[in-house]
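Biologist: I'm new to this one, so please walk me through it piece by piece.

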Amino acid sequence: MPLSKPIFKRISRIAREQGVEAYVVGGYVRDHFLRRPSTDIDVVVTGNGVALAEALGRELHTKVSVFKTFGTAMLRSGNDEIEFVGARKESYTRDSRKPHVEQGTLEDDQLRRDFTINALAWSLNEGSFGELVDPFEGMYDLEDGIIRTPCDPDVTFSDDPLRMMRAVRFASQLGFQIEEETFDAITRNARRIEIVSQERIITELNKIVLSPVPSIGFELLELTGLLKLIFPEMQQLKGVERRGSHAHKDNFYHTLKVLDNVALKSDDLWLRWAAIMHDIGKPATKAYDPKIGWSFHGHEVLGSKMVPALFRKLKLPLNEHMKFVRKLVFLHLRPIILSEDLVTDSAVRRLLFEAGDDVESLMTLCEADITSGNDAKVKRYLANFELVRRKMKDLEERDRVRNFQPPISGELIMETYDIRPCRIIGDIKDVIKNSILDGIIPNEYEAAYHLMEKLAAKEGLVRQKDTFESGRPAPAEPTPETKE
């Protein structure tokens, strides 16, 4: 029984006492029929929804949050969040998503809903408790997997253009089709998206990115003309250019395949954004050579430089998530290059050092990036990736180079040789770091200290002190057996 929770009987009784009608409307009803878990319950009241919520809150001894601007109230009951609103009808002006609101009937309220599958309602009223109210045949659309507006779609989307993004989002999340006239109305009204705030757009876009098969959403965004308006840099990946017998792959559809491959392995929103942006630098780096065909040299470098500006423009967070995406875009070719060549310890050490704790995410992205239709080629790449993984595990256990800090710091060099900050210090640190990554010396203080002394001597530096960081003494002079 969908309304078996005691809270619904309470709402029904209070509604009767207040002389109003109450209905559960929208996503909670839809998700019940789709067998999807839901804890967000919307209750529409043909009267004062706030008053009903406050009366319920007094009975439950729980806090009621009232939002006077919107005429809504919210409270929690167990794991459920219940929002109450008076039934209303809306009208819009051309230049705003903010509606003029009037008191209305249940059908008025259902008519203002974005899609028929979100206009389903259950009665909470005595005599009809639990009955489904479905004036726009939303149940048929649920069964058929259809996204359709309850009224003229041109009006629906012109009034609130964010609904176009929501149509794409529901199609992507549920694997539904957008009904033909509804789809055509999105294409006709696409430019109306420009009056919607970027914050609202990115909320819907992130939900598309997190869909089970996110390529469904991005293909719809492209086909409706929304993508070129909200994310033109991704739109620019689309298309194939031919010169004679040479043609490059369509990087838009390749990106969608990579995104879907990542989605099969990870729910991480930011790893999925790394998949979306991994080739974002290709349009600007595309070049043609009659001998070798098309190339995109340096696209990973340019792409990584584009990431901060794209995050800022899209209103994505400019924090560690942006840095993670930028790092993966920059490094995404590295494991592929390793898998094509002889996998040397030095190259794997450098990959571990640069990727740090994100190395597993990087490997997931790189494996997803193998989208060739040649099965033998794919198997060869994946087998070589497994070799790279084994090498990484072995070297990490032995050399501890992931996120390592070279044993010799700039402060130690300055104190030892009584010098001020200068180029020599950076040069010495770089040689020590590279010597560890190349396996010339172990990742140990003593070996690094002796290399520092050699390099300092070449620069004419003279040691001034014998006690260093944390009171650590200088290592003993190496014996002939330990000298290089």
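Modeller: Some ground rules: the labels H and E stand for DSSP runs, with helices (H or I) having at least four residues and strands (E) at least two, both numbered from the N terminus. The model is predicted, so local features need pLDDT of at least 70 and side-chain atom pairs count only at pLDDT 80 or more, while totals for chains, interfaces and linings use all residues. Residues are numbered from 1 along each chain as its sequence is written, and side-chain values use heavy atoms, leaving out hydrogens and water.

Biologist: Let's start with the sheet: in what order do the seven strands stand?

Modeller: Two strands pair if DSSP finds at least two bridges between them. By that rule the seven strands make an open sheet with mixed pairing, and the order is E3-E4-E5-E2-E1-E8-E9.

Biologist: Which strands stand at the edges?

Modeller: An edge strand has a single partner strand, so one side of it is left without a neighbour in the sheet. That describes residues 65-67 and residues 132-133, which are E3 and E9.

Biologist: Which residue of E4 is the bridge partner of Ser65?

Modeller: E3 and E4 (residues 72-77) are joined by three bridges and pair in the antiparallel sense. Within E4, the partner of Ser65 is Met74.

Biologist: And in E8, which residue stands opposite Val25?

Modeller: E1 has antiparallel pairings with E2, through three bridges, and with E8 (residues 121-123), also through three bridges. On the E2 side, Tyr23 is partnered by Val44. On the E8 side, the residue opposite Val25 is Ala121.

Biologist: Which residues of E1 point the other way from Ala22 and Val24?

Modeller: In a regular strand the side chains alternate between the two faces of the sheet. All four residues named here are buried (under 20% relative accessible area with a 1.4 Å probe, protein chains only; exposed is over 50%, and partly exposed is in between). Ala22 and Val24 go one way from E1, and the other way go Tyr23 and Val25.

Biologist: At about what angle to E4 does helix H3 run?

Modeller: Axes are lines fitted to C-alpha atoms, for helices over the stretch in contact (heavy atoms within 4.5 Å), and angles run from 0 to 180 degrees between N-to-C directions. Helix H1 (residues 6-18) lies across E1, E2, E4 and E5, at about 145 degrees to E1. H3 (residues 49-60) lies across E1, E2, E3, E4 and E5, and its angle to E4 is about 25 degrees.

Biologist: Now for a helix pair: how far apart are the axes of H7 and H10?

Modeller: Met165, Val168, Ala171 and Ser172 of H7 meet Ile216, Gly217, Leu220 and Leu221 of H10. H7 (residues 162-174) and H10 (residues 215-224) pack at about 145 degrees, and the distance between their axes is 8 Å.

Biologist: How far apart are the end C-alpha atoms of H23?

Modeller: The expected span is 1.5 Å times one less than the number of residues. For the 15 residues of H23 (residues 423-437) that gives 21 Å, which agrees with the end-to-end distance in the model, 21 Å.

Biologist: Which helices do the buried residues of H23 pack against?

Modeller: The buried residues of H23 include Ile424, Ile428, Ile432 and Leu437. Their packing partners are H19 (345-355), H22 (410-417) and H24 (445-458).

Biologist: Which residue with a positive phi follows H19?

Modeller: Just after H23, Gly439 has a positive phi of about 80 degrees. After H19 there is a positive phi near 60 degrees, and the residue is Gly356.

Biologist: Is Arg35 buried or exposed?

Modeller: Arg35 sits in the loop between H2 (27-33) and E2, and has a positive phi of about 60 degrees although it is not a glycine. Its relative accessibility is 77%, so Arg35 counts as exposed.

Biologist: What is the relative accessible area of Lys315?

Modeller: Lys315 lies in the loop between H16 (299-314) and H17 (320-331). Its phi, near 65 degrees, is positive too, in a residue other than glycine. Lys315 is partly exposed, with a relative accessible area of 46%.
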